[in-house]
Structures are given as structure tokens and as C-alpha cells.
Amino acid sequence: VEGRGQAVYDDSGQPVKMMGTVANIDYRKQAEADLLRYERIVAMNSDLVALVDRTYTYQMVNRAYLRRFQKRYEEIVGHSVADIVGSQVFETELKHRLDRALAGKRVQFKLWYDFPIAKRRYLSISYTPYVEPDKTISGVLVSIRDLTDLQRAETELQQSEEHLHQILQQMPVLLDAFDADGNIVCWNQECERVKGYTAEEVIGKPTNMEPLYRDPA
């Protein structure tokens, strides 16, 4: 509780009463504590977080954003998105998506981007409208997650699977396989030659399909 008082005196200079106001400041302290906690959470987030206003100008960025772009806070906040990411990327990839978010839509997309350090990275980006208490949209909350390692792992796995598929296809033995429901999931070139069916004809079909063989000619 916070209080203020003021004495009132009569003509002889004697105090006659005390006037004062009392205000409960607990709510203010709680609001300040909540804001500080929120700022710490945002600052510690490994994702890149920023707030951009309707003129595409940065209003706030977290530490991860500063580290990735190798800039100080004042070198980003107050500057336009185009100044930071480059005018070409802004015009071709970001501006129309920011406009959609400013119109009230949540936007998610992925792209490759070349940072000053760490170089080329594969990013998952989300734009969320920043709505004021009066329901107006004053900007866009930007969240960026680095998916480079995951993307590379997926690419390597896909390449390995394709390489294995090529090996299995060229093996000089009958090689077929089926899933738990009894549907054919693998049919190599030797199966095509001996049994007369192409992979396109049998993949996904039940293993008891009749006839099992047909004349390849």
C-alpha cells in the first residue's frame, strides 16, 4: 500500500486535520514482475523472436535474433526489415506474408536464408498478428526456428533410401515384400521379369492377387 498525506492548518497555525490518499500498488508491482518474467522468457528463447510494426519496422528483438544477425539492439530496433534481411528477400519472400499477418492471418512458411554467420540456414518462420487490447492489429510477432540440421538429416535419409532402393531393384534375385496387412510394398526388377507384373501394377495390392504369374510376353 502506498499513501500520501497533507496537513491542514487553521488561522492560528494549528493543525486541524490530515488529508491523505491511499492507493494499493500491489497490482502494479505484480504487473511489473509479470512483464520482467515475460521479457526474460523471450530473451532466453533459442528461437529468433521479433516484433514488427505496420511500417515493417522492428520494435523488439530477443538475444537470439541479435546473435544470429551479429548486430546490437539499437542496430535492429528502429530499422526496417528490409534494412536487416536485405531488400530482395524482403520484397520477394517476406513483405506479402507480413501483409497477410497484418490483415489478421497467422502465416507459417519455410525458406533458406544466408546469415552473416552460420551462412545458409533452413528456417521455419511464423508470423502472428499482434492484437492490441482494443482489438486493432498494430504489428506482427515474428518467430523463427532453425531447422537446418533436421532438414539435412531428412535429406540424407531420403538419399540413403533411394540408394538402397536402387540396389534392391538391381539384385538378380526375386525380391518382394509386404506390410502387416498383406499388401505388396516391394517388387524388384527380377520379380517383374519372372512373374510378369510391373511394380506399378502390384505395389499396394494384396499378396494373394491372382494370377500370381503371367506371361511376360
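Trainee: Why is Asp99 called partly exposed?

Mentor: Asp99 has a relative accessible area of 30%. Buried means under 20%, exposed over 50%, and partly exposed in between, with a 1.4 Å probe and protein chains only. The 30% of Asp99 falls in between, so Asp99 is partly exposed. The model is predicted: local features need pLDDT of at least 70, side-chain atom pairs count only at pLDDT 80 or more, and totals for chains, interfaces and linings use all residues. Residues are numbered from 1 along each chain as its sequence is written, and side-chain values use heavy atoms, with hydrogens and water left out.

Trainee: What makes Asp99 and Lys95 a salt bridge?

Mentor: A salt bridge is a side-chain nitrogen of Lys or Arg within 4 Å of a carboxyl oxygen of Asp or Glu. For Asp99 and Lys95 the N to O distance is 3.3 Å, which is within 4 Å, so the pair qualifies. Lys95 is also partly exposed, at 27% relative accessible area. Helices (H or I, at least four residues) and strands (E, at least two) are DSSP runs, numbered from the N terminus.

Trainee: How many salt bridges does this rule give?

Mentor: The count is eight. One of them joins Arg72 and Glu75, with the closest N and O atoms 3.4 Å apart. Glu75 is partly exposed, at a relative accessible area of 29%. Arg68, Arg121 and Asp146 are linked in a network of salt bridges.

Trainee: What makes Arg145 and Asp47 a salt bridge, and which parts does the pair tie together?

Mentor: Their closest N and O atoms are 2.8 Å apart, so the pair meets the 4 Å limit. Arg145 lies in strand β7 and Asp47 in the loop between α1 and β3, so parts 98 residues apart in sequence are tied together. Asp47 counts as buried because its relative accessibility is 9%, while Arg145, at 46%, counts as partly exposed. Besides Arg145, the residues in contact with Asp47 include Asn62, Ala64 and Ser143, leaving aside neighbours within four places in sequence. Contact here means heavy atoms within 4.5 Å.

Trainee: Asp53 is also buried. How do you know whether Asp53 has a salt bridge or none?

Mentor: The nearest side chain of opposite charge, Arg54, is 8.2 Å away. That distance is not within 4 Å, so Asp53 has no salt bridge. In this count Lys and Arg are positive and Asp and Glu negative; His and the chain ends are not counted.

Trainee: Which side chains make polar contacts with Asp53?

Mentor: The side chain of Thr55 is at 2.7 Å and that of Gln59 at 2.9 Å. A polar contact is a pair of N or O atoms within 3.5 Å; within protein, one must be able to donate a hydrogen and the other to accept it, and residues adjacent in sequence count only if both atoms are side-chain atoms.

Trainee: Which other strand is joined to β7?

Mentor: Strand β6 (residues 120-131) is joined to β7 by nine bridges, antiparallel. Pro129 has Val140 as its bridge partner, and Val131 stands opposite Ile137. β6 and β7 form a hairpin with five residues between them, and Lys135 in the turn has a positive phi of about 80°. On β6 there are also eight bridges to β5 (residues 107-114), again antiparallel, with Phe109 partnered by Ile125.

Trainee: What share of the chain counts as buried?

Mentor: Of the 217 residues, 29% count as buried.

Terms used. Pairing = 2+ DSSP bridges.
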